[in-house]
Amino acid sequence: MNKVGMTMACLLVAAGVLGTAQAASLNETAVEAQQRQAKLQARIDAADDQTRQALRELRRVRREASRLEAYDEELARQVERQARAIGKRERSVAQLADAGERLPVLTRRLVERLQALVEADMPFLRDEREARLASLQQMLDGAELSVADKLDRVLAAWRTELGYGREVDAWHGPLYPSDAQPDTASEGAPRAVDYLRVGRVGWYYLTPNGEQGGVWQADAHRWQPLDGDARREVRKGLRIAREERAPAMLDLPLSVSPEAPSQAASGASREQTEGDS
């Protein structure tokens with residue numbers, strides 16, 4: 001081999017070695033760049049995680065702050081309502097002294113008006129109603145109950161009496177021919193009949209055999225006999241009051257005059273006028 005060939009061979013070998021070295025250097029540079037890029041991406045990802053965590057924490061703090069503001073506003077409203085309620089109670093307590101002095105007088109006046117109502121009304125359930133009044137009078141004179149308890153019982157008696165005007169009632173009892181003494185049969189025993197009451201406008205009786213019946217006349221304070229058709233209407237009303245048949249219209253004479261207010265209403269009104277004066 002001549003010198004030129006050897007020279008070329010050496011150059012080729014040198015170029016190969018140089019190319020290999022350059023390739024290795026380039027590979028190392030690429031790896032380093034990739035590593036730097038990975039570290040940079042890792043830092044970016046970590047920063048993103050921290051940012052998202054900070055945003056979540058910020059939102060949570062804002063929600064908590066909003067909740068606390070709403071709670072504070074509600075507390076302020078409650079405090080304001082309680083302040084008004086306390087002021088109202090203080091005014092009520094200030095009025096209790098005067099009311100406590102007048103309450104016994106008012107309670108007794110209510111009993112007196114209730115008695116006037118019963119006396120002016122039709123004498124149905126007379127024993128029961130008079131016993132209730134006597135119990136109230138005894139209660140007023142006693143010292144066992146407080147003034148408030150006495151008033152509560154008086155108001156309960158008033159509710160019972162007022163309820164008579166809104167109901168249809170039926171019961172079995174002795175016949176009162178007038179507002180004095182009960183009627184008796186020939187052997188001296190009380191005569192039992194079936195009573196029908198329609199509010200405070202109609203009070204009727206019917207004998208068990210249905211052959212006799214009457215309507216109470218409030219003006220005359222006595223019973224007026226009923227004819228056969230009216231007695232059948234009373235029997236129908238008794239069945240309605242006892243829930244033995246459906247409600248229906250009753251064609252019956254009234255116990256009170258439709259042109260004038262009932263005695264019970266006028267008596268209670270008169271008593272109230274006198275009491276107020």
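Mentor: Start with Glu57, which is partly exposed at 35% relative accessibility. The terms are simple: buried means under 20% relative accessible area, exposed means over 50%, and partly exposed lies in between (1.4 Å probe, protein chains only). Before we go on, note that this is a predicted model: local features need pLDDT of at least 70, side-chain atom pairs count only at pLDDT 80 or more, and totals for chains, interfaces and linings use all residues. Residues are numbered from 1 along each chain as its sequence is written, and side-chain values use heavy atoms, with hydrogens and water left out.

Glu57 has a partner. Arg60 makes a salt bridge with Glu57, and their closest N and O atoms are 2.6 Å apart. A salt bridge here is a side-chain nitrogen of Lys or Arg within 4 Å of a carboxyl oxygen of Asp or Glu. Why can these two meet? Arg60 and Glu57 sit three residues apart in helix α1 (residues 3-120), so about one helical turn separates them. Helices (H or I, at least four residues) and strands (E, at least two) are DSSP runs, numbered from the N terminus. Arg60 is partly exposed too, with a relative accessible area of 41%.

That is one bridge. The whole structure has 17 salt bridges. Now look at Asp121, which is buried at 9% relative accessibility. Asp121 meets Arg129 in a salt bridge of 2.9 Å, N to O. Arg129 is buried as well, at 1% relative accessibility. Asp121 also meets Arg200, with 2.6 Å from N to O. This second pair links distant parts of the chain: Asp121 is in the loop between α1 and α2 (126-141), while Arg200 is in the loop between β2 (192-198) and β3 (202-206), 79 residues apart. Arg200 is buried, with a relative accessible area of 15%. Shared partners join Asp121, Glu128, Arg129, Arg132, Glu161 and Arg200 into one network of salt bridges.

Glu161 takes us to helix α3, where the buried residues include Glu161, Trp158 and Tyr164.

Next come the rings. The structure has nine aromatic pairs. One of them is Phe124 with Tyr164, edge-to-face, at 5.3 Å centre to centre and 90° between the planes. Rings of Phe, Tyr and Trp (its six-membered ring) pair if their centres lie within 6.5 Å; planes under 30 degrees apart count as stacked, over 60 as edge-to-face and the rest as tilted. Phe124 lies in the loop between α1 and α2 and Tyr164 in helix α3, 40 residues apart. Phe124 is buried, with a relative accessible area of 0%. Tyr164 is buried at 5%. Both belong to one aromatic cluster, whose members also include Trp171, Tyr195, Trp203, Trp216 and Trp223.

Now the strands. Seven bridges join β1 (residues 168-174) to β2, and the two run antiparallel. Strands count as paired if DSSP finds at least two bridges between them. Ala170 has Leu196 in β2 as its bridge partner. Five of the seven residues of β2 are buried, so this strand is largely enclosed by the rest of the structure. On to β3: five bridges join it to β2, again antiparallel. Val198 stands opposite Gly202 in β3. These two strands form a hairpin with three residues between them, and Gly199 in the turn has a positive phi of about 55°.

Strands β4 (residues 213-217) and β5 (residues 222-225) run antiparallel, joined by four bridges. Trp216 has Trp223 in β5 as its bridge partner. Four residues lie between these strands, and His221 takes a positive phi near 55°.

Finish at helix α4 (residues 228-241), which holds Lys236. A polar atom of the Lys236 side chain lies 3.2 Å from the backbone oxygen of Met249. Ile240 is buried at 18% relative accessibility. Ile240 and Val168 are 72 residues apart in sequence, yet 8.4 Å apart in space, C-alpha to C-alpha.

Notes: Polar contact = N/O pair within 3.5 Å; in protein donor to acceptor, adjacent residues only side chain to side chain.
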